[in-house]
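This report describes selected local features of one protein model. The structure is shown first, and the text follows.

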Amino acid sequence: MQPYKGSCHCGAIQFSFEAEPFIHGIRCNCSFCAKRGTMMHLVPGAKFDIKAQEGSLGQYQWGAKTAKHYFCRNCGVTTFSEASKWPGQYIVNLGCVDGVDTFALETKVFDGKNLL
């Protein structure tokens, strides 16, 4: 396991976690993820620590409201999500993780359009 740190663009939301080194990221083709273009990875919640300035952490839900997408109210960057499909895990935006080059990672596609 390796320690990682990340944040939104302005730094109002910061997070840290431990995970195996990243060799791939996940892109989802659901309507929300496709518009964001985010590369993601699942991280166990027990290893995920969030620090956010008061009032900076926003949440977006739609449809059946089975997923919670968190973003910074200051800079607008989506940092992580939670989905009922993966209880106890966070879906981290790898673009927010320090030192991770999402353009260098293998991409796997999750068919959220048809499975969620």
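His69 sits in strand β7, which covers residues 67-72; strands (E, at least two residues) and helices (H or I, at least four) are DSSP runs, numbered from the N terminus. The model is predicted, and local features need pLDDT of at least 70, side-chain atom pairs count only at pLDDT 80 or more, and totals for chains, interfaces and linings use all residues. Residues are numbered from 1 along each chain as its sequence is written, and side-chain values use heavy atoms, with hydrogens and water left out.

With a relative accessible area of 7%, His69 is buried; buried means under 20% relative accessible area, exposed over 50%, and partly exposed in between (1.4 Å probe, protein chains only). A polar contact of 2.8 Å joins the side chains of His69 and Ser81. Such a contact is a pair of N or O atoms within 3.5 Å; within protein, one must be able to donate a hydrogen and the other to accept it, and residues adjacent in sequence count only if both atoms are side-chain atoms. Beyond neighbours within four places in sequence, His69 is in contact (heavy atoms within 4.5 Å) with residues including Phe32, Arg36, Tyr60, Trp62 and Phe80.

## Sheet and salt bridge

An open sheet is formed by three strands in the order β1-β2-β5, with antiparallel pairing. The edges are β1 (2-7) and β5 (48-52), each with a single partner strand, so one side of each has no neighbour in the sheet. From one strand to the next, the twist averages 15°, taken between axes that are lines fitted to C-alpha atoms (for helices over the stretch in contact), with angles running from 0 to 180 degrees between N-to-C directions. Six bridges link β1 to β2 (residues 13-19) in the antiparallel sense, where pairing requires that DSSP finds at least two bridges between two strands. Gln2 is opposite Ala19 in β2.

How many salt bridges does a search of the whole structure find? It finds one, under the criterion of a side-chain nitrogen of Lys or Arg within 4 Å of a carboxyl oxygen of Asp or Glu. The side chains of Asp49 and Lys51 form a salt bridge at 3.0 Å, N to O.

| Residue | Relative accessible area | Class |
|---|---|---|
| His69 | 7% | buried |
| Cys30 | 8% | buried |
| Asp49 | 36% | partly exposed |
| Lys51 | 54% | exposed |

## Nonpolar cores

The largest nonpolar core contains 21 residues, and those with the most contacts inside it are Phe15, Phe17, Phe22, Phe48 and Val97. A core is a set of buried Ala, Val, Leu, Ile, Met, Phe, Trp, Tyr and Cys residues joined through side-chain atoms within 4.5 Å. Two or more residues each come from β2, β7 and β9 (89-93), and β2 gives the largest share, four residues. A second, separate core of nine residues includes Cys28, Cys33, Ala83 and Phe110.

## Two loop residues

Cys30 lies in the loop between β3 (24-28) and α1 (31-36). Its C-alpha atom is separated by 7.8 Å from that of Asn114, 84 residues apart along the chain. Leaving aside neighbours within four places in sequence, Cys30 is in contact with Gly112 and Lys113.

Lys65 is in the loop between β6 (57-60) and β7. Its phi is near 60°, a positive value in a residue other than glycine. Most residues other than glycine have a negative phi.
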